[in-house]
Structure formats: structure tokens, C-alpha cells
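Biologist: Can you walk me through this one? Keep it short and plain, please.

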Amino acid sequence: MFSSLFSTAPPVDPKAPNFFPVSEEKSDLFGELEAKDLEWTCAGGFVTETQIFYHFLQDGTMLMCQVIHSSIGLWYPTIQFTCKIHNPTKNETTWRSINVTNFVTPPPGLDKRSSKADQFSITYKPSSDSSHPEMYTIRANLSDDLQVSLDVSRPSAVPGFKVGKGPKGGYSYFGSDQQKPDGYVVHRFWPRTKASGHIIHNGKAIVAEGHGMLVHAIQGMRPNLIASRWNFANFQSDAYGGVSAIQMEFITLDTHGRCGAGSGPVTVNVGSLVLGGKLAVVTAETKWSDEAQPEKAVMSRSHHLNPVHDPDTGYMQPTAVEFRWAGSPLLQGVEGPVVASLHLDVGSPSSPTGLIEKVDVLAEIPYVIKTMVNYVAGTKPYIYQWQNNVKLAVRGPDALIPGLSEGLDIEGVIYTEASFIS
């Protein structure tokens, strides 16, 4: 971590690229996950690694379970388990965030896809059900009044993916040397999962059956140096044998771009579409600051619409969000473009629609991390979280879903995050 103080490397051209986004992958976008891709790295330096399970239950309740491993230089890492349960019908939200003790990966007899601590265990294992060949079991005792027991499995027709193949697949690199980067970001996904189990809350057992997704992500640099904004979409529907539309997007600071410092910001977006219960399309797109963004064969985009000032956070909050996907089918023998879009009204600060919470990030992260991250004076990171019933407009080959060539509006539910870092 101190190598830059003693570097004898030749000076770098200040106009040389210092950011290499995964969305510039020119070969196949689809990289099927290998076992090592979902292993915990628990890297040193300043690295935040997280494993997040998002699910919508049959009554519309959203359930999120997350493990966060935060390394801060020479300090001992901090590991948190967070859980959010939001019932939109009752407008009730349950939130727990605990610093766990005695974190171990791998647990005895398992590999690094599994982890455990005194308060939880997450165990990866093959499944005996050939239609869902691999799974995680989540067991968490988060407080006297909240326990979670969940089995999360992946459908055989929906392989896990990263953008790009091989061990470097999924990575965006910061710095002028990709072999010795200053930092990196990587995401790996299970874009459609099945959950079954139960939640015990206030002594009552709640059946937890539904569908969702898994993401394993690493930020290999201080988070305030990686991005000023993040956008995330998780749409799920049980129609037509299972439909999913996901996106993960971050926007760098102007410090990183294809002409060095001052040539940013750069928008990096990756996503996927599951149609008819099968992984149909993987998308990825880069938006460079010095060029327009025309219509293309492959698109992966989110747009904040009609933003207004939010006095609670100080940020310009969108009143609507639009997501778009376009690409070619991954399935053999299926020809023709696939396009999808989704429009989400989230309302104004005074009259929100589907707002779960505005998360004050500095109030949630551990104190030691807070002291190490130098946010711009006067700014506070906030995450807007929304859940809404929406329609995904899709058009593509009928081989994916009968009638798709005429266009379908698929009803489902979306969980969306808009993060403002600086």
C-alpha cells in the first residue's frame, strides 16, 4: 500500500488513459462464472467486498441479506451482516446491521464461497435438484426478535455471469497500468434465483418464498475515489416462466478517463435480461464524457429524469428513472435483437412513490471506516431505495417468449437504488 511513495517507475504521460472499464469488453460479453469467482478474497489495503441476496416474497415483501467485508489499510477488517425487510402493503421496514464476531472463510470442510461468524452462516453447496444445481443456505440470528433461514438456489437455465471471460472478467481498472492498478471494481451475478425458507420476527414465523438475485462485488479502492454516483435495478417477474432485468452502474469522478485526470467522468453500466426462465442477454456499455450516446445494438443505460432538489439530502433527486437494455440473444439458434425498457416514477421529496428509505451512509458504516474516507466537506453520501410495481417493455424473437416479436409489457416488481457519494 506504500509502493507509490518509493516508486522508481518512469513518469506516466498525463494524457494517457487511467481508467479501463469492463464495459469496453469487445469480445463476448457473457462470461460464465467459475467457482473462484464467488469466493471471498478478503483482500488487504482499502477494499470493500460484499455478497448481497435480494428477494421479493410472494406477498410483495422485499428481503435483502448482505455481508460486507471492509479492509482499511493496516487495521483489522470490519465485517457486517445487514438485513432489510420491507413490506410495501403495510409500509413496514425492519432493518438490522450488526458487526459480526469470529468471521471465517472458508469454514471447516468448505471452500471460500462459504463463510460463517458467531451470528450467521452462509454455506454454498451443490443441490440434488437438477433444475436448480447449486445453492446457498443462509442462517442468521440478528437479534432476539429477528432470525432468517433461507435457501437460495440458481436455475440451471440461468447461469451466473460476469462481463468478459476468464480470471480478468468482470473487472474495471483504475490507474495507468492495468497489470498494477491503483484500484478496481468487479461484479459477479446470479441474475435470477429462487428463495425458500422462513423469517422469524417478533416471535412469528413468516414464510419466505420468492425470487430474486445475488451479486458478489468488490471495490478495490476507497469508495469516494471510485465513483460519485451508483445506480442499481433489480426487476423480477414470475410471468412467462420467469423474467429478470438487472443493471449495475457507476459514474467515476473526473479524475479518471481515457485521457487521464480531468477527462472523466465515465459511466460504466452492466446488466442482463432473463426471459422465459433463461438467461437471454448480457449487456454492457460505456458513456465517455466527450461523446454522445447514440442508439446502438448493445445498450445498458439508466437515466435520472426531472431531478429536483431534496432538502433532506442536498442532492438533486430524480422524480423518475428510466432503464434500457439492448443486445443479442445468448441462446443457440435464436436470432434477432432484444430490446427492453422500464420507466419508474419515484415521486418528489415531498410526495414520494415507493420510497423505502434515504440511507445516510455515514450513519451506517463503522466509525473506523468513516475516519479513513475523506468525503468532500459538506457532503454526505446517501442511498435512495425504492420498491415499485412496474411493467418491463420487451421486444425480441418469439423463440424466447411467444408473442415477443410484437412486444410485451411484463408486470413485475423492481427494487431500485440511486446512490449519491459526492
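Biologist: What should I know before we start?

Modeller: This is a predicted model, so local features need pLDDT of at least 70 and side-chain atom pairs count only at pLDDT 80 or more, while totals for chains, interfaces and linings use all residues. Residues are numbered from 1 along each chain as its sequence is written, and side-chain values use heavy atoms, with hydrogens and water left out.

Biologist: Which residues sit on each face of strand 16?

Modeller: Val243, Ala245, Gln247, Glu249 and Ile251 are on one side. Ser244, Ile246, Met248 and Phe250 are on the other. Both faces are covered.

Biologist: And how many bridges join strand 15 to strand 16?

Modeller: There are 9, and the two strands run antiparallel. Strand 15 is residues 229-237. Two strands pair if DSSP finds at least two bridges between them. Glutamine 236 stands opposite serine 244.

Biologist: What about the hairpin there?

Modeller: The hairpin of strand 15 and strand 16 has 5 residues between the strands. Tyrosine 240 in that hairpin takes a positive phi near 55 degrees.

Biologist: How does strand 16 pair with strand 17?

Modeller: They pair in the antiparallel sense over 8 bridges. Strand 17 is residues 267-275. Methionine 248 has valine 270 as its bridge partner, and isoleucine 251 stands opposite threonine 267.

Biologist: Is strand 17 enclosed or open?

Modeller: Enclosed: 9 of the 9 residues of strand 17 are buried, so it is largely enclosed by the rest of the structure. Both faces are covered, with Thr267 and Leu273 among the residues on one side and Val268 and Val274 among those on the other.

Biologist: New topic. How many cavities of 30 Å³ or more are there?

Modeller: The structure holds 2. On a 1 Å grid over the protein atoms alone, a cavity is a set of points where a 1.4 Å probe fits but cannot get out; a pocket is an open set with protein on both sides within 12 Å along at least five of seven lines, and lining residues have an atom within 4 Å of a point. Grid points are joined across faces, edges and corners, and a volume is the space filled by probe spheres set on the points.

Biologist: How much space lies in the second largest cavity?

Modeller: About 90 Å³. It has 13 lining residues, and the closest to its centre are Val22, Gly170, His187, Val268 and Val270. Strand 16 and strand 17 are among the elements that give two or more residues to that lining.

Biologist: Now a single residue. Where is glutamate 285?

Modeller: Glutamate 285 lies in strand 18. It is buried, with a relative accessible area of 3%. Its side chain reaches the backbone nitrogen of serine 300 at 2.9 Å.

Biologist: Which residues does glutamate 285 touch?

Modeller: Among them are Ser23, Thr267, Val268 and Arg301, not counting residues up to four places away in sequence. Contact means heavy atoms within 4.5 Å.

Biologist: And serine 263, buried or exposed?

Modeller: Serine 263 is buried, with a relative accessible area of 16%. It is found in the loop between strand 16 and strand 17. Its side chain reaches the backbone nitrogen of cysteine 259 at 3.0 Å.

Terms used. Buried < 20%, exposed > 50% of the residue type's maximum accessible area, 1.4 Å probe, protein only. Helix = DSSP H or I, 4+ residues; strand = E, 2+ residues; numbered from the N terminus. Polar contact = N/O pair within 3.5 Å; in protein donor to acceptor, adjacent residues only side chain to side chain.
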